[in-house]
Amino acid sequence: MPKLSPETHHDRILILDFGSQVTQLIARRVREAGVYCEIWPFSFASGSAASDRIKAYGAKGIILSGGPASVLEKDSPRAPEIVWQLGVPVLGICYGQQVMCQQLGGKVEQGHTREFGKAEVEVIDANPLFDGVWAKGNKQQVWMSHGDHVTELPKGFKIVGRSTGAPFAMIADEARRFYGVQFHPEVVHTPQGKALLGNFVKKVAGCNSDWTMAAFRQSQMDAIRAQVGTGKVICGLSGGVDSAVAAVLIHEAIGSQLTCIFVDTGMMRLGEAEEVERLFRHHYNIPLIVAKAEEKFLGALNGVSDPEKKRKTIGALFIEVFEHEAKAIYGQSGGAQFLAQGTLYPDVIESVSFTGGPSVTIKSHHNVGGLPERMNMKLVEPLRELFKDEVRALGRELGLPEQFVGRHPFPGPGLAIRIPGEITREKLDILRKADSVYLDAIRKAGLYDEIWQAFAVLLPVRTVGVMGDGRSYDYVLGLRAVTSVDGMTAEAYPFEHKFLADVATRLINEVKGINRVVYDVTSKPPGTIEWE
């Protein structure tokens, strides 16, 4: 996990993750309050060095997330003891509340029934968390997800709220500034949860709202200069927002020490290379190399169908190309020492299990879990602390054109992960054209900015159709469009049926090789946004 010096961010919150699916939403709510925070797996903050790690971070408050375990199980996760000794406010959410009570002398028992979904809590006492949000005697909607529940409070705590399934739904030890809630304030199903978390970080922990993109821009430029010195940096451009923002930020920091490389893998969107070249070479005057590597990538991926193998193969090939181009630019002895990437915080979170092991890793991102150990350059990742919406805000702060900043996300591995199964040139050509038609229809309907991400997926399925009085046997195309804030959770965009029918007609008429179109309505979770 990245660590920042106290000079970089004056006020900060530490979130200890016990494995909840929505821990990232806690971070989003804290940052929306203008306060910097980081998520650490509970295991990262455990062991003999835990005290030093946590003290060095300098948090003004700590939040304990929910999690799937039971505190009643042997060897279930625990918070490091230093958490209770630092003298800073602590907020326990769901499992975090139960851990707090269990470790401080209270009691947790298995419930007779599980409380899941919308619930109503009654506020029975005033509390700093509720200041200006909830009043004593009010009943408020919250989101519950628990089986165990607290049955006995530790010394010093009192009940400040209750629900039918959780008589200790909200608890407080105001002397030590320890608070616990059985519900999840971070999710939208708790309508005023964002305000409760805002009260914790600003009114209870006393954090200033100094997490701004202007401040981040300056601090990251200083950090880039300190890391790089007089060294040479190459930045891999994918055509997406993340790498573009990273490149412009790094160029602002170190100027001519940066050279950008766009690797044309043969798996890019229609017109991608030309658009990247116009923006960087002609608009920003940043040195740009376009590496033609289609043969190399498609050759290595020939016969590969496993999605994890695809990602790792692509990650390794990217590094090979970068290293080759760096030597061509700077020579054998004076090659680039650094590789810059647009890695984001969700990439890091999804690629590292909260327990530190491989069992719950969602997927390896080609620029995190997919990097080969033999890589000869050090990484510069100035966006590693940001969520996607924060990257867009930084792009606007840097003056990138809105048509580029507002682009939908595009994965580093490109169209490779939008073709489940084996990749061929024929499939890539079909998908490239289909994706272009789909996005064109969305733009013409005025829906592009309402949608977080939209794309087509060429399925490894052929079906029988009738075209021009003849039999066809062509591919099925899946369409995906989602709404989201940061990519950590997402809902399918509710297109009108007529729009989907019209798009399907266009696709079948304009793209040879497709005779059937389907729409993916899966949310995240349980699905991911991309198919692989």
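**Reading pockets, sheets and a buried valine**

Colleague: The second largest pocket here has a volume of about 280 Å³. How should I read it, and which residues are closest to its centre?

Modeller: First, keep in mind that this is a predicted model. As for the general idea, a probe the size of a water molecule, rolled over the atoms, shows where empty space is left. In this case 20 residues line the second largest pocket, and the closest to its centre are Arg-269, Leu-270, Arg-407, Leu-439 and Arg-443.

Colleague: Which element gives the largest share of that lining?

Modeller: Helix 14 does, with six residues. At least two residues each come from helix 8 (272-283), helix 14 (425-444) and strand 15 (453-467). Sorted by class, the lining of this pocket has nine charged, seven nonpolar and four polar residues.

Colleague: And enclosed spaces? How many cavities of 30 Å³ or more does the structure hold?

Modeller: Two. Take the second largest cavity, with a volume of about 50 Å³. Its lining is made up of Leu-91, Leu-129, Phe-130, Val-181, Phe-183, Pro-185, Leu-196 and Leu-197. By class, that gives eight nonpolar residues, with no polar and no charged ones.

Colleague: Let me try a single residue. Is Val-204 buried or exposed?

Modeller: For this we need a cut-off: a residue counts as buried under 20% relative accessible area. Val-204 has a value of 8%, so it is buried. You will find Val-204 in helix 5 (residues 193-204).

Colleague: Which residues is Val-204 in contact with, leaving aside its neighbours within four places in sequence?

Modeller: Pro-89, Pro-128, Leu-129, Arg-177, Tyr-179 and Asn-199. One of these, Leu-129, also lines the second largest cavity. For a sense of how sequence and space can part ways, look at Val-88: Val-204 is 116 residues away in sequence, while the C-alpha to C-alpha distance is 9.3 Å.

Colleague: Now the strands. How many residues of strand 1 are buried?

Modeller: Six of its six residues, so strand 1 (residues 12-17) is mostly covered, given that buried means under 20% relative accessible area. Read its side chains by direction: Arg-12, Leu-14 and Leu-16 point one way, Ile-13, Ile-15 and Asp-17 the other way, and all are buried. Strand 1 runs parallel to strand 2 (residues 36-41), joined to it by six bridges. Within that pair, Asp-17 stands opposite Pro-41.

Colleague: How many bridges pair strand 11 with strand 12?

Modeller: Five, in the parallel sense, with strand 11 covering residues 258-264. As a landmark, look for Cys-260, which stands opposite Leu-288 in strand 12.

Key: Residues numbered from 1 in each chain as written. Predicted model: local features only at pLDDT ≥ 70, side-chain atom pairs only at ≥ 80, totals over all residues. Heavy atoms only, no water. Pairing = 2+ DSSP bridges. Helix = DSSP H or I, 4+ residues; strand = E, 2+ residues; numbered from the N terminus. Buried < 20%, exposed > 50% of the residue type's maximum accessible area, 1.4 Å probe, protein only. Contact = heavy atoms within 4.5 Å. 1 Å grid on protein atoms, 1.4 Å probe; cavity = no way out; pocket = protein on both sides within 12 Å on 5 of 7 lines; lining within 4 Å. Points joined across faces, edges and corners; volume = space filled by probe spheres on them. Nonpolar A, V, L, I, M, F, W, Y, C, P; charged D, E, K, R; others polar.
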